[in-house]
Amino acid sequence: FVDKIYTPFGFTIIKTIIELSRNLGMNTVAEGVETEDQLKILTLLSVDLIQGYYFSKPLPVDVFLAEVKAQRDTITEEVEHPKQEEDCRLKNEENK
């Protein structure tokens, strides 16, 4: 029912569920997020996890795992080897 977040009643229901979950020490998962506006609102409401077509349509497991691995490898590469511009900036600072 995330698509009802734009109505006063829908917003109130979603906000109440999030607050109830938080008060019970439970995490919240918003499913069915399809737009950036929905994502922004749910983020402002402090939803713990968000999924939906905004991020990706359902994928076969092997494709999903390959994409996760590729993203992890990209992040690892960026952390271990700063971008060339950053390297140049650091070298320039060292030569001062």
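1. Start with helix α3, residues 61–80: with four residues, this helix gives the most to the lining of the largest pocket. Helices here are DSSP runs of H or I with at least four residues, and strands are E runs of at least two, numbered from the N terminus. A pocket is an open set of points on a 1 Å grid over the protein atoms alone, with protein on both sides within 12 Å along at least five of seven lines, and lining residues have an atom within 4 Å of a point.

2. Keep in mind that this is a predicted model, where local features need pLDDT of at least 70 and side-chain atom pairs count only at pLDDT 80 or more, while totals for chains, interfaces and linings use all residues. Numbering runs from 1 along each chain as its sequence is written, and side-chain values use heavy atoms, leaving out hydrogens and water.

3. That largest pocket holds about 280 Å³ of space. Its lining has 13 residues, with Phe55, Ser56, Lys57, Leu59 and Phe64 nearest the centre.

4. The second largest pocket has about 150 Å³. Among its lining residues are Phe1, Ile14, Thr28, Glu31 and Val47. Two or more lining residues each come from α1 (8–23) and β1 (29–30), and α1 has the largest share, with three.

5. Leu59, Val61, Val63, Phe64, Leu65 and Val68 make a nonpolar patch of about 500 Å². Such patches take residues with over 30% relative accessible area and no salt bridge, joining nonpolar side chains within 5 Å and like charges within 9 Å. Val68 sits in helix α3.

Methods
On a 1 Å grid over the protein atoms alone, a cavity is a set of points where a 1.4 Å probe fits but cannot get out, and a pocket is an open set with protein on both sides within 12 Å along at least five of seven lines; lining residues have an atom within 4 Å of a point. Grid points are joined across faces, edges and corners, and a volume is the space filled by probe spheres set on the points. Accessible areas come from the Shrake-Rupley method with a 1.4 Å probe; for residues, only the protein chains shown count as cover. A salt bridge is a side-chain nitrogen of Lys or Arg within 4 Å of a carboxyl oxygen of Asp or Glu.
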